[in-house]
Amino acid sequence: MLYPLIFATLCGFYDSIGYLGRPDTLFPFPDKPTLDNYRKIIFFTTDPTMFRYLLNSITRTVWLTGTRVLVAFVAGYIFARIEFRGKGPIFWSLLIGRLIPGTVLIVPLYIQMARWPFAGGNNLWGVGGKGLLDTYAPLFLLGIVDIIAIFLVRQTILAGPLELEEAAKIDGAGVSRLIFSVVAPIQKPVLAYLAIINGIGVWNDWFTPFFFTSSQKYQVWASYIARIVQKADRAYAIQNFPLVLAMGIILTIPSVIIFFMFQRYIVEGLARVGIKG
Amino acid sequence: MPDKKTFSPLKQRERKVAYAILTVILIYYFIFSAFPTFFGVVLAFLDWTNVTAFPKWNWLGNFYKYFKSSFYRSALFRQMYIGTLCAGTTMLIAFFVALLLNMRIRGRGVFRTIWYIPAVTAGVATTQIFVSIMDPNTGPITGLLRFFGHGPIQWQFSTFWMVVWILIFNLWGSLGPTAVLWLAGLQSIDQQLYEAAAIDGANWWRSLLHVTLPGIRPIAVYALVVGFSGSVTVYEPVMFISRGGPWGTTNVAMYQLVTDAFYDFNLGMAGTNAMILTIVALIFALLNYKIMKGND
């Protein structure tokens, strides 16, 4: 299972010429291992743009994870604890909408971004310019509301202790104090699970930046790798393959670390989704 | 449901806050989820080949083209069969992996972790690792083949092998989470049922059939529905390893969609493609659900 990752780490120590002559053993240890690739990435000495990609990745991950969890938590609480007219139908229609696989929404979203009124040179009818394509907007605006997450939070809150909340209300807690200081700590497992799953997901997401932006300065780490791979399609040769592999490993490392640290939450959360789903 | 008739003043304020927040969320959802869905459906009926040009209404023209041309038909077919192949094998193998992981061996937590790690990797990076591994010139697979006296296999020129590699890649990434899912199901089965079966003289195989399988029915429903409808959107290995395979023979509908939309700017057909894929995914989900529920 881990073999591909180990293999790639080893390959990252080759320089691009030596890579072509690597032995075809299972574990190709390079004759002249070089830290060049990893050094390039980690210390950004020869390529300051790499820092930009890393920064974009980090900001996007933090932002999207934070907003997603926040929205899921608040909306989940609302659907779980607060009664209002139309709650049932609204909830179920949201859920039904989620049956549609997300990837097929890409094309309409792309057009919407391109035809956004008053953005990027567009007029009222969204004609004329590039709209919100190739800006920070698609990177930071898309994907904040996730019905499955809201559903999950709702289920766990419903299964949780009502007495604590009632007690807090008697003590005069307002709504925001209630949810953030009382309910949130109880729901830490679910929130942690959501944060981790979404965090890793956004960090690895190459799709959105790849298709919705084209300028270098908007790329994230994952989409940068994707571009190199795509460009190679034309020439059918990636110039510095070990560098690409090394970048892939660097992309993977934070996810693996986070996973190791929090695997308990992930496994529990996954099981909970399955049993309740 | 909890009794809501007490605490009246707070109820009013709560409701206002709820409405306010929900309105924002619903507006967002409408702009970025609901509207694109409708728009996507409309797209399927348009002839639109350039983002800057104006679309033309095309009635069922796109659909006609889709089903008439063997090009699109086969893309859809490939998506189906590759997707089902991946989903089916993943679920089957993952079940046995889960059985293994369920055994009380020391260090099974570590095993569980190892199986799950591929799922947190990024497809864009891991596909390249696979490309490197299967490199016919200097890849380790070739080395293994050489060890057994066999020459290198040129995978890129064989549809069969490309599908195999797509399957392997998919398995590598999906076995972990699927196995964890099965594991959760296995562990939810009451141990006493096993003991009762043992008393009745059931061996390993029979207890598997009569205790385990019925016990994991609920999880199985979820796993099958999610697994199969998720399989409809297999495209990463196609995009980054086979790139549509030897001369378009692993061109799955999803990949064609991306190509249509972002390289050829044939937005109408992409919309049609998307809509058909969605319908198929829904049908799959419904079928699976019916089958699993119907067995009761």
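Mentor: Helices here are DSSP runs (H or I, at least four residues), numbered from the N terminus. This is a predicted model, where local features need pLDDT of at least 70 and side-chain atom pairs count only at pLDDT 80 or more, while totals for chains, interfaces and linings use all residues. Residues are numbered from 1 along each chain as its sequence is written.

Trainee: Okay, Thr272(B) first: which helix is it found in?

Mentor: Thr272(B) is buried, with a relative accessible area of 0%, where buried means under 20% and exposed over 50% (1.4 Å probe, protein chains only). Its side chain reaches the backbone oxygen of Gly268(B) at 2.9 Å. The helix that holds Thr272(B) is α13 of chain B, residues 267-294.

Trainee: And on helix α5 of chain A, which residues are buried?

Mentor: Start with the other side, where Pro89(A) and Ile96(A) are exposed. For α5(A), residues 87-97, the buried ones are Lys87(A), Phe91(A), Leu94(A) and Leu95(A).

Trainee: Why do those buried residues line one face of α5(A)?

Mentor: An α-helix has 3.6 residues a turn, so residues three or four places apart point the same way. Seen down the axis of α5(A), by the directions from the axis to the C-beta atoms, the buried residues line one face because they fall within an arc of 100°.

Trainee: How many residues does the contact take from chain B and from chain A?

Mentor: Contact means heavy atoms within 4.5 Å. By class, chain B's side has 59 nonpolar, 16 polar and 10 charged residues, with Ala, Val, Leu, Ile, Met, Phe, Trp, Tyr, Cys and Pro as nonpolar, Asp, Glu, Lys and Arg as charged, and the others, Gly among them, as polar. The contact takes 94 residues from chain A and 85 from chain B.

Key
Chains lettered and ligands numbered in written order. Heavy atoms only, no water. Helix = DSSP H or I, 4+ residues; strand = E, 2+ residues; numbered from the N terminus. Polar contact = N/O pair within 3.5 Å; in protein donor to acceptor, adjacent residues only side chain to side chain.
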